[in-house]
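Please read the briefing below with the sequence and the model side by side.

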Amino acid sequence: VNLVESGGGLVQPGGSLRLTCQASGRTADNYGVGWRRQAPGKDREEVASIFWSGSEAEYSDSTKGRFTISVDNAKNTVYLQMNSLKPEDTAVYFCCAYASEGGGIRTYWGQGTQVTVSS
């Protein structure tokens, strides 16, 4: 699965951004997608995830109520709408795809897109 993110940039606190991830090369084993982020000096953390069917959306405690993940299954595209952004949301955001392979779960990664929240 190949993933390409877009939509990152610089935004003021309280502002909004929408990230887009275009997936290609999907297989039947690829059941879900999500977003993770990594801030400088910190570990990568889960932001949100969802099944390609559009069900079972989940969010981290830090993004619940502010971020919304959605998919367009026909276009192989996943979105992350980010509202009420805070400086602590500054990070590189990665699109991820999850597939059942070899009895386990394989995670595919995009190249990442930078989101900077600053006045």
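F51 lies in strand β5, residues 45-51, where a strand is a DSSP run of E with at least two residues and strands are numbered from the N terminus. This is a predicted model, in which local features need pLDDT of at least 70 and side-chain atom pairs count only at pLDDT 80 or more, while totals for chains, interfaces and linings use all residues. Residues are numbered from 1 along each chain as its sequence is written, and side-chain values use heavy atoms, with hydrogens and water left out.

**The surface patch around F51**

- At 36% relative accessibility, F51 counts as partly exposed, a class that lies between buried (under 20% relative accessible area) and exposed (over 50%), judged with a 1.4 Å probe and protein chains only.
- Together with Y31 and I105, F51 makes a nonpolar surface patch of about 280 Å².
- Patches are made of residues with over 30% relative accessible area and no salt bridge, with nonpolar side chains (Val, Leu, Ile, Met, Phe, Trp, Tyr) joined within 5 Å and like charges within 9 Å; the accessible areas come from the Shrake-Rupley method with a 1.4 Å probe, and for residues only the protein chains shown count as cover.

- Strand β4 (residues 30-38) and β5 run antiparallel and are joined by six bridges, where two strands are said to pair if DSSP finds at least two bridges between them.
- Within this pairing, G32 stands opposite F51 of β5.
- β4 and β5 form a hairpin with six residues between the strands, and G41 in its turn has a positive phi of about 75°.
- On to strand β6 (residues 58-59), β5 is joined by two bridges, again in an antiparallel arrangement, and the bridge partner of A48 in β6 is Y59.
- The hairpin of β5 and β6 has six residues between the strands, and there G54 takes a positive phi near 95°.

- β7 pairs with strand β8 (residues 77-82) in the antiparallel sense over six bridges; F67 stands opposite M82 in β8, and the partner of S70 in β8 is Y79.
- Four residues lie between β7 and β8 in the hairpin that they form, and N76 in the turn has a positive phi of about 55°.

**Cysteines**

- A search of the whole structure finds one disulfide, defined as a pair of cysteine sulfur atoms within 2.5 Å.
- C21 and C95 form this link, with their sulfur atoms 2.1 Å apart, and with -85° about the S-S bond the link is left-handed.
- The pair links distant parts of the chain, with C21 in strand β3 (residues 17-24) and C95 in strand β9 (residues 91-101), 74 residues apart.
- Both C21 and C95 are buried.
- C96 is in no disulfide, and the nearest cysteine sulfur, that of C95, is 6.5 Å away; C96 is buried as well, with a relative accessible area of 0%.

**Salt bridges**

- A salt bridge is a side-chain nitrogen of Lys or Arg within 4 Å of a carboxyl oxygen of Asp or Glu, and by this rule the count comes to six.
- The side chains of E45 and R37 meet in a salt bridge at 2.6 Å, N to O; E45 is partly exposed, with a relative accessible area of 33%, whereas R37 is buried, at 5%.
- D61 forms a salt bridge with K64, with the closest N and O atoms 3.9 Å apart, and both D61 and K64 are exposed.
- R106 forms a salt bridge with E101, with the closest N and O atoms 3.5 Å apart; R106 counts as partly exposed at 44% relative accessibility, and E101 is partly exposed at 29%.
- Salt bridges that share partners join R37, E45, R66 and D89 into one network.
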